[in-house]
Amino acid sequence: MRSDSSEHGALLRRILKVSSRGATVNTQASATSFNAAPSGRNQFNLALDISLMMLLSLIWGSSFTLIKVAIETIPPLTMTATRATIAALLLVLIARMSGLSLPRDRETWAAFLIQGLLQSALPFTLINWGEKHIASGLAGVLNATPPIFALLITLVTRRNVQRIPVQKTIGVGAGFIGVLVTVGFQSLRDIDTTAPLAQIAVLVASLCYALAPMWGQRFSSLPAIVTAAGAMSGAAILMLPVAVIIERPWTLSLTPEAALSVIVLAILCTAIAMIIYFRLIRTLGPLGTTSGSYLRAGFAVALGSLFLGEDFTWSMIAGMVLIILGVVAVTAPLRSPWSKG
C-alpha cells in the first residue's frame, strides 16, 4: 500500500512538472492530434499516457460508488457545487505553489466558464440526479458513450477535412462492445422499466464529456494545472448561486459517509483527475481522451464487485479485455512502430 502511494505521488509530481513547462501547442496542431498521434512522441510517452488514462479511469470509475453513497442525503446541485468549489480551491492552491497564476483577461475566463459548464457543472449534476433513479450498472453503460458522441461529432464537423481512420473506428466499436459485455446485457433489459428521463440525463452528460475536450483544446498553450484550476473555478462560480437558491444546503442533515464521499469526490475524482485530464487532452487529443470512458465503466463494475458484493464473472473479464484493446486502438499511433523517422 505504501509503495502504491509513493508511485502515485511521483506520478503526480511528474505530471505537474511536465504541465508547468507550458509547451505551446496551437489549436491547429491540437486538432490534428484528434485523428493521429503527434509524430514526435516516442513509445515511452505513449505508454505513460495510456497509464495515465487507466489511472484516470480508475479514479473516475470510483466516482459512481461515491455518488451513490452521497446522493442519499446530499441533493444533486449541492453535491456538484461542493465538489467543484473544494476542487477549485485546491487546484488554485497547487497552481500558486507551483509558481503559476491564473489568467486575468475576460476572454480566457469566458472560455473557462464554458469549459467548467461542459466538463463539470452540467454533467456532474445530471449524473447525480440520474443515479437517484436508475441502477449504477445502467448508468455506467450510458456514461460510456462519450467516444461514440466524439466520433459522430467529428464525422459531421470535419468530414471534408480528414476521415476518421478505420483503426480508431474499430477501437470505438470494440470498446463499446466491451462495456456491454462487462456490465452485462441484463442492465440494458431494464431500459424500459427505469426512469427514462434519468437515462436521458446520463446520456446528455456523456455528450457534455464528448464536447468538453474539443473545447478544451483552446487551452493547450496553458499549463494543465492552470487550465484545471480555471475551468473548475468556472464550474464553482456557476453552481454555487444555483445550489444556494434552489436547495438551501445549510438546511441539510448530512451523514458522515455522504460528507466523506463528497470530499473524496472533490479532491481525488475532481482536482487530481483534472490535472491528468487536461494533460491527456494535449497529448492524446479529444477522441483518445474520451476513450477512457470505456475503462471507467469497466472499473466501476469491478469496484462494485469488490465493495458491493457483486459477482465478477468471466464475461466481465472478457469485456475488460475488449475495453483495453479498444482504448489501445483509439490511442495508438497510426503508423507502424517499425517505421523510421
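Over which residues near the end of the numbering does pLDDT stay under 50, and how many contacts beyond four places in sequence does the model have for them? Here are some notes to read beside the structure.

1. **The 336-341 stretch.** To take that question up directly: pLDDT stays under 50 over residues 336-341, and the model has three contacts beyond four places in sequence for this stretch. Please keep in mind that this is a predicted model.

2. **Confidence along the chain.** For the protein chain, the mean pLDDT is 79, and 74% of the residues reach 70 or more. Residues 1-9 have pLDDT below 50, and beyond near neighbours in sequence that stretch has one contact in the model.

3. **Secondary structure.** The protein chain has 14 helices and zero strands.

4. Take the contacts in the protein chain with a separation of 6 or more: 92% of them are between residues 24 or more positions apart. Of the 341 residues, 53% count as buried. The accessible surface of the chain is about 16100 Å², and carbon and sulfur atoms account for 67% of that surface.

5. The elements giving two or more residues to the patch are α5 (106-130), α10 (196-216) and α11 (224-247). Helix α5 provides the largest share, with four residues.

6. Is leucine 197 buried or exposed? Leucine 197, which sits in helix α10, has a relative accessible area of 59% and therefore counts as exposed, the cut-off being over 50%.

7. **Cysteines.** How many disulfides does the count come to? The count is zero disulfides, by the rule that asks for a pair of cysteine sulfur atoms within 2.5 Å. Cysteine 208 has 5% relative accessibility, so it counts as buried, the limit being under 20%. Cysteine 269 is at 0% relative accessibility and therefore counts as buried too.

Technical notes: Residues are numbered from 1 along each chain as its sequence is written. This is a predicted model: local features need pLDDT of at least 70, side-chain atom pairs count only at pLDDT 80 or more; totals for chains, interfaces and linings use all residues. Side-chain values use heavy atoms; hydrogens and water are left out. Buried means under 20% relative accessible area, exposed over 50%, partly exposed in between (1.4 Å probe, protein chains only). pLDDT is the predictor's confidence in each residue, from 0 to 100. Contact means heavy atoms within 4.5 Å. Accessible areas come from the Shrake-Rupley method with a 1.4 Å probe; for residues, only the protein chains shown count as cover.
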